Amino acid sequence: MTEMVYVYAGFLLTAAAMYFLLIFPTQWLKVERVRCDQRLGIKVLQISDLHVEKLRIRPGRICRVIHEEQPDLLVLTGDFTRRAVHLNKVRRYAEAIGSHGIPTFAVLGNHDHRLRREELQKLVEILEQAGIRVLCNESVNAGSFYIVGIDDYDSRKSRVSQAFRHVTDRTKPVLVLTHDPNLVLAMKRKYTYLMAGHFHGMQFNVPFLFRFIDKGPLAASGIYKGLHTGEGGMFYISRGIGQAGPNARFLIRSEVNVHEL
């Protein structure tokens with residue numbers, strides 16, 4: 001009997017440890033603050049890698065962050081879902097995010113491009129109906145700066161020249177949105193600040209993981225999260241809010257990012 005109690009207690013301890021190490025980080029949302037003076041005078045809230053089919057942060061929690069932070073701009077840097085069956089869930093999150101009357105822009109990610117053409121178009125319609133403008137290799141003149149949305153590099157959808165076509169005033173700052181940060185190694189245009197996601201901060205904090213899992217040359221070199229400076233300008237890689245692959249994280253919390261620029 002005593003032996004059975006020990007076995008049962010060991011099972012409970014193991015289950016509790018696995019929950020707190022692997023599941024709890026996906027539920028405990030972190031607001032990561034980035035202060036990088038680019039003389040834009042704006043606060044940008046970035047939400048990356050929703051992956052709604054494996055997302056444990058509720059829409060209401062995201063809304064509270066938006067309400068508390070009162071950003072000037074909301075941006076979503078790709079990977080909403082890879083399966084059409086989850087588009088209604090995307091709609092719930094999109095409507096929650098787009099309900100604050102704040103200018104909101106999005107780009108697509110590699111998982112989004114796994115949808116069939118008509119399904120991808122439906123995703124774009126859902127986002128835009130919620131007040132989220134999707135930038136597919138295009139730009140917006142925001143007055144004192146440009147917002148440039150470049151489609152996913154991993155999916156071979158990036159068209160940098162097309163995205164910058166209407167960026168005519170070289171004296172204005174340029175804020176770039178994209179999903180796969182490997183783009184910074186390929187693009188020749190200068191920018192003021194670039195936001196991306198895609199790597200999930202490794203999702204499992206295991207040393208040298210990206211030497212064995214191919215996420216491109218940037219991740220293989222050890223650049224997979226946080227603020228960095230490249231040849232084109234400064235760029236930030238978000239750890240993201242949702243999960244890809246296993247619905248778990250190890251020593252990496254789900255996060256949204258507040259950029260003070």
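**Close-up views of a predicted model**

**View 1. Strand 8 and its neighbours.** Tyr146 has Val174 of strand 8 as its bridge partner, in a model that is predicted, where local features need pLDDT of at least 70, side-chain atom pairs count only at pLDDT 80 or more, and totals for chains, interfaces and linings use all residues. Residues are numbered from 1 along each chain as its sequence is written, and side-chain values use heavy atoms, with hydrogens and water left out. Strands (E, at least two residues) and helices (H or I, at least four) are DSSP runs, numbered from the N terminus. Strand 7 (residues 146-149) and strand 8 run parallel and are joined by four bridges, two strands being counted as paired if DSSP finds at least two bridges between them. Strand 8 also runs parallel to strand 9 (residues 193-196), with three bridges between them, and here Val176 has Leu194 of strand 9 as its partner. Strand 8 (residues 174-177) is covered on both faces, with Val174 and Val176 buried on one side and Leu175 and Leu177 buried on the other; buried means under 20% relative accessible area, exposed over 50%, and partly exposed in between (1.4 Å probe, protein chains only).

**View 2. Helix 2 and what it packs against.** In helix 2 (residues 59-69), the buried residues are Ile62, Cys63, Val65, Ile66 and Glu69. Seen down the helix axis, these residues fall within an arc of 160°, so they line one face of helix 2; the arc is that of the directions from the helix axis to the C-beta atoms. The buried residues of helix 2 pack against several elements, among them strand 1 (30-35), strand 3 (73-77) and helix 3 (87-97), where contact means heavy atoms within 4.5 Å. His67 and Glu68 are exposed on the face of helix 2 turned away from its buried side, and the helix is followed by Gln70, whose phi is positive, near 50°.

**View 3. Helix 4 from end to end.** Helix 4 (residues 117-129) has 13 residues and reaches 18 Å from its first C-alpha to its last, close to the 18 Å expected at 1.5 Å a residue, the expected span being 1.5 Å times one less than the number of residues. Glu119, Leu120, Leu123, Val124, Ile126 and Leu127 are buried in helix 4. Seen down the axis, the buried residues of helix 4 fall within an arc of 160°, so they line one face of the helix. Their cover includes helix 3 and strand 5 (132-134), whereas Arg117 and Gln129 are exposed on the other side of helix 4.
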